[in-house]
Amino acid sequence: MNRDLPRWIDVGVIPAVNILLAFLVAGLVVLVAGENPFDALSVLVIGAVGYEEAIGYTLYYATNLVFTGLAVAVAFHAGLFNIGGEGQAYIGGLGAGLAALSLDGTLPAWMLIPIAMAASGLFGAAWALLPGWLQAHRGSHVVITTIMFNFLASALMVHLMVNVLIHPGQMSPESRVFAETAWMPFLHEMLAGVGITIARSPLNLSILWAAVACVFVWLLINRTRWGYAIRTVGANESAAVYGGIDPKLVIVGTMCISGALAGFVGINELLGVHHRLLLNFTAGYGFTGIAVALMGRGHPVGIVLASLLFGALYQGGTELDFEFEGITRDLVVVIQGLVILFSGALAYMMHPLALRLWQRFRPEGGR
Amino acid sequence: MTDTWLLAVLTLDATIRVAAPLILAAMAGLFSERSGIVDIGLEGKMLAGAFAAAATAAVTGSAWLGLAVAIAVSSSLALLHGLACITYRGNQVVSGVAINVLVAGLTVVLGIAWFDQGGQTPPLSQAARFAPIKLPFADALHDIPWLGDLYHELISGHNLLVYVALAAVPATWWVVYRTRFGLRLRAVGETPAAVDTAGVSVELLRYRAVLITGMLCGIAGAYLSIGQSAGFVRDMTAGKGYIALAALIFGKWRPVPALLACLLFGFLDAVATRLQGIELPGIGQAPVALIQALPYALTVILLAGFIGKAVAPKAIGVPYVKER
């Protein structure tokens, strides 16, 4: 259908129009809520990037979203829809937390932090392994199983935090605080060490790991044999078999990579900010990852841009609470839903119109 | 002995209360999924229905108007899902997720804007709700041992929508297996091309199916906010839409087994609630969270094919492209 459209319209104009539509509808919602959409927009923008501390928060939120966005995107490349980012991030955090809690008395930071990071990836991968295996070997649809695994992760965490890992003598279900050797350094502390002062924010070194993850995913998908296998399975599973690729292995492997990426949220949240195990630290990042991956069209560059946008919305959204009577940060959830709707479910809606316009107004000599 | 009996009856009574919205949502999902449209959005449609019902009932004071608006709102979301999946052939899972996320945000934003109570709707008076219905002779027969309790607690005394939920199962069975529409519905979920060849519009059929899904989800939502409770609270469905989906799969996309799955899941929930904070011999604190997770675990095990095989409608999730 889009074969006759030039690439810049297909990957540039149409996604932009879809996002514009999402914001337009969100504006209508603000209007219905009795506020001025342009006021709301300016509060969002200023709240997100208007001052130094806000930028730190925006980048901190974006870090989580890069991880979950990449997780969804990698699975997408293999034709798998991993809705389980939320659960994998939760269990990944459990891994990081368990590593920190059990080793923070003995190991120095330079050993402990990498171990905890690896644990978060491994636990996240393990939580995605079974849905992947069931999809590959038993034909159980990965969408349904990952949804179920989200709930299982949530129940498991409640059980563990309330009955097992809770710090004795404390009301809320939280573990003890990790020793400082397990803390991922804050960026403002790191930069203060070399004489640069920036505002305090939860932004920490995990953002560098997110950057590494982006490069890793790009290389994996576009420059390795494995990535080729993943894309082939995603495009045509039976063709992959004829090409000597084992789709079962690829499906299980891809789900594990996807789960590990989602699991890294635990690094940013637990090692970076909370410094303890607690409930609900994933706060919907797994689901926002779906919006991020769709908006970024599965490409790391797109995902970084989409993460920055959503990170800004998360941070700007908190300002809405202070500035308005009628609207709260929940507006961001609405925007998120609209983005998933327009750039995901209704992605093909604009194509016929774009095609007609292009055919009428195409420049002379244009393709 | 009679205490144990009463406890058992009361647990079953709680089972029915918990299961009613699951049954409605599972029957809703059955129509959509048997027509070949995946519906992850049961949760969102229910939540929208719950909000619409409570908001309308709070403003107008009428439970019936609340129910009507809940059905209308949930149906329009279902048509949006249809637009994305049937007309524009978008990804059906993505569309469902979009609806869930959108509704989760929208109900809170609108709730705060309209009622200014942190996302809740104002508490409803008795008249604005579906009150429990006392079946004839419930009090007179209460004194009869065993059966009196059974009749008084378990069968009588539910609100109207519980009975609607229970009636929805035979109705669904009849429509799906005994009507022309049902035959076509099942066919379009397996081989849409055959239905198309027979001169029946695949698109129209699927639109009708998702519309029924929307209506039933609306009733399920209304049950939550103006039947079971007296108002809407944020995230009121709390995963019930997904449990209903699990029950539908557990029941292998058939009405009666899906009903039994809903009752099983409702029973697990009722037991877990009853065990809250109780010390069990040998185990200590009852692991309530784990009991509540059992429906999900059971569904995964079923999907894995270890207790029978759940085979989905063949054409599910595949947009139908008419050959040119």
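The model is predicted: local features need pLDDT of at least 70, side-chain atom pairs count only at pLDDT 80 or more, and totals for chains, interfaces and linings use all residues. Residues are numbered from 1 along each chain as its sequence is written, while chains are lettered from A and ligands numbered from 1 in the order in which they are written.

**Confidence**
- The predictor assigns the complex an ipTM of 0.88 and a pTM of 0.89.
- Chain B has an average pLDDT of 88, with 97% of its residues scoring at least 70; pLDDT is the predictor's confidence in each residue, from 0 to 100.

**Fold of chain A**
- Chain A contains 16 helices and 0 strands, taken as DSSP runs (helices H or I, at least four residues; strands E, at least two) numbered from the N terminus.
- Its radius of gyration is 22 Å, close to the 21 Å that the globule rule gives for 367 residues, so chain A is as compact as a globular protein of that length; the radius is taken over C-alpha atoms, and the rule is 2.2 Å times the number of residues to the power 0.38.
- Along the principal axes, the C-alpha atoms of chain A fill a box of roughly 70 × 55 × 40 Å.

**Contact between the chains**
- Chain A supplies 40 residues to the contact and chain B 37 residues, two residues being in contact if their C-beta atoms, placed from the backbone, lie within 7 Å.
- On the side of chain B that touches chain A, the elements giving two or more residues are helix H4 (92–115), helix H10 (240–250) and helix H12 (288–303) of chain B.
- H4(B) provides the largest share of that side, 15 residues.
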